[in-house]
Amino acid sequence: MRRVVQSFDEWRDAARELIARQVAPEFVEWLSQPGDGDLFSAAPAEQGGAAPGANAAPQTNLRLPRQLMELLVSAACFSAADRWSFLYKVVWRWHLGERDVISPADPDGARLNGMVKAVHREEHDMHAYVRFRERKEEDGAPRFVAWFEPTHEVLPQVARHFARRMGNVTWMIATPAAAVLWDGEHLHEAPSLMRSAADIEDAGEALWLTYYRSIFNPARLNADLLRSHIPSRFWKNLPEGAIVPAMVSAAANGERRTGQTGTVGRRGGATTIPIAPERAQPQRGQPTTLDQCRRCDLWENATQAVPGVGPERARIMLVGEQPGDQEDLQGLPFVGPAGAVLEKAMAQAGMERDGIYLTNAVKHFKWELRGKRRLHKTPAQKEISACHLWLEEELARVRPDVVVALGGTALKSVLQDGGVTMKSVMDAPVRHDGRWVVTVYHPSYVLRAPDEATRREAYEVIVEGLRQARRLLGD
Ligand code: URA
């Protein structure tokens, strides 16, 4: 049986019909027909005959959860010859009740999540590296034009992103496969008549280069970092790509020391900034949202970053280690087995979960595969330090009076001391940065301690620590 599809909508309709007829993936040949599809809406298309074993009449009305639909929609943008058949296999396995199919621990789940991640990354790269060049507005031609060569099919969603941000100025983004035109009100698919960035009449180039030169700071130049932040495949289409190599070599030849002296000398007031460079540095490459964080490598194998939750002005903040398997999938802290222990201890200590801010020292799940399970791996000090930026942001925003560190990783992050041991601070609360810090065992220790007596004792320490936190507030 053969199905020819040009878009996700067509694939979804075909998949629904095939599932209803109980057609297994091995009986379907999926073909793509690029070129004729409409990027922004697509009409279903079908071809083919009956497969061996297929039922003629629909038998099932397949309902997919939102989480799976979102994965499928994103993965469908991944450029791979077998993407439609792979997605059908995923849906088929789900239909058979195999919920593992979306888990990163399952081979198909790992591929699915990898495709989604690559597509999100491509969207992010395209937001960051598309460069619009201004042209003369004549004959209804768009005022800004950009050229980009995406690895995956992300042009429609990226075009919507720019349409939301650029108001009613007219623009066009061209790629080798297609172009999108914004007339100030609507998006239109346009044929891609360009073959490279050189095809764009480049009225604004000189301006852009002047601007880029003025923000370039040779004293801070880290050429490797620059290259790793802007992968080399983007360089050739960036206007600044032509001048950066010259600036990099000038910096290596001495401008690193002297590059900004002229500008700094012209400024009034103090020229020394009273902040240690290692604290100032993260601000520079700081991601604007947790979701975009690439400060360490943990994001690569995690489903998502898990932010803290709770009232914006909670007086108590509980800090755990890192999300576990369930937290990673649901995007919420403490919703798995350790969360159940914590919840029970909180109830016993008279703490209402709703009034407490719950978060973790490390926001991405670090794990290793054992059989089919993703097992927790303790984060390294460099990952704890990299992620501290986000805890610091939460502490500054929520301003709790008491922080409860659940376990050693949380303690190191809260006290900003990689060498501190739990034993040294568990006896009594300590003051740090103007607030109390109470240290207790991590709830998962209650689950994995070797014997019943140790488990009971660990649990009591947690309950007592939570009571202590309340007492410190005077409650
Ligand atoms: N363990 C943690 O430290 N945090 C969670 O969110 C879940 C388990």
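Guide: A definition to begin: a cavity is a set of grid points where a 1.4 Å probe fits but cannot get out. Keep in mind that this is a predicted model.

Visitor: Okay. How many cavities of 30 Å³ or more are there?

Guide: The count is 1. The largest cavity has a volume of about 90 Å³.

Visitor: Which residues line the largest cavity?

Guide: Leu290, Cys293, Arg295, Cys296, Trp299, Val362, Lys363, His364, Glu383, Ala386, Cys387 and Trp390.

Visitor: And what classes do the lining residues fall into?

Guide: The lining of the largest cavity has 8 nonpolar, 1 polar and 3 charged residues.

Visitor: Switching to helices. At what angle do H13 and H17 pack?

Guide: About 50°, with the axes 9 Å apart. H13 covers residues 337–348, and H17 covers 452–473. The two helices are therefore oblique to each other.

Visitor: Who makes that contact?

Guide: From H13, Val341, Lys344, Ala345, Met346 and Gln348. From H17, Tyr459, Glu460, Ile462, Val463, Leu466 and Arg467. By class, that contact has 7 nonpolar, 1 polar and 3 charged residues.

Visitor: What about H1 and H3, how do they cross?

Guide: At roughly 40°, and their axes come within 11 Å. H1 passes H3 in a right-handed crossing.

Visitor: Which residues meet there?

Guide: Phe8, Trp11, Ala15, Leu18 and Ile19 of H1 meet Trp84, Leu87, Tyr88, Val91, Trp92 and His95 of H3. The H1 contact with H3 has 10 nonpolar residues, 1 polar and no charged ones.

Terms used: Residues are numbered from 1 along each chain as its sequence is written. This is a predicted model: local features need pLDDT of at least 70, side-chain atom pairs count only at pLDDT 80 or more; totals for chains, interfaces and linings use all residues. Side-chain values use heavy atoms; hydrogens and water are left out. Axes are lines fitted to C-alpha atoms, for helices over the stretch in contact, and angles run from 0 to 180 degrees between N-to-C directions. Helices (H or I, at least four residues) and strands (E, at least two) are DSSP runs, numbered from the N terminus. Angles under 35 degrees count as roughly parallel, over 145 as roughly antiparallel, 65 to 115 as roughly perpendicular and the rest as oblique. Contact means heavy atoms within 4.5 Å. Ala, Val, Leu, Ile, Met, Phe, Trp, Tyr, Cys and Pro count as nonpolar, Asp, Glu, Lys and Arg as charged, and the others, Gly among them, as polar. On a 1 Å grid over the protein atoms alone, a cavity is a set of points where a 1.4 Å probe fits but cannot get out, and a pocket is an open set with protein on both sides within 12 Å along at least five of seven lines; lining residues have an atom within 4 Å of a point. Grid points are joined across faces, edges and corners, and a volume is the space filled by probe spheres set on the points. A crossing is left-handed if the near helix is turned anticlockwise from the far one by less than a right angle, and right-handed if clockwise.
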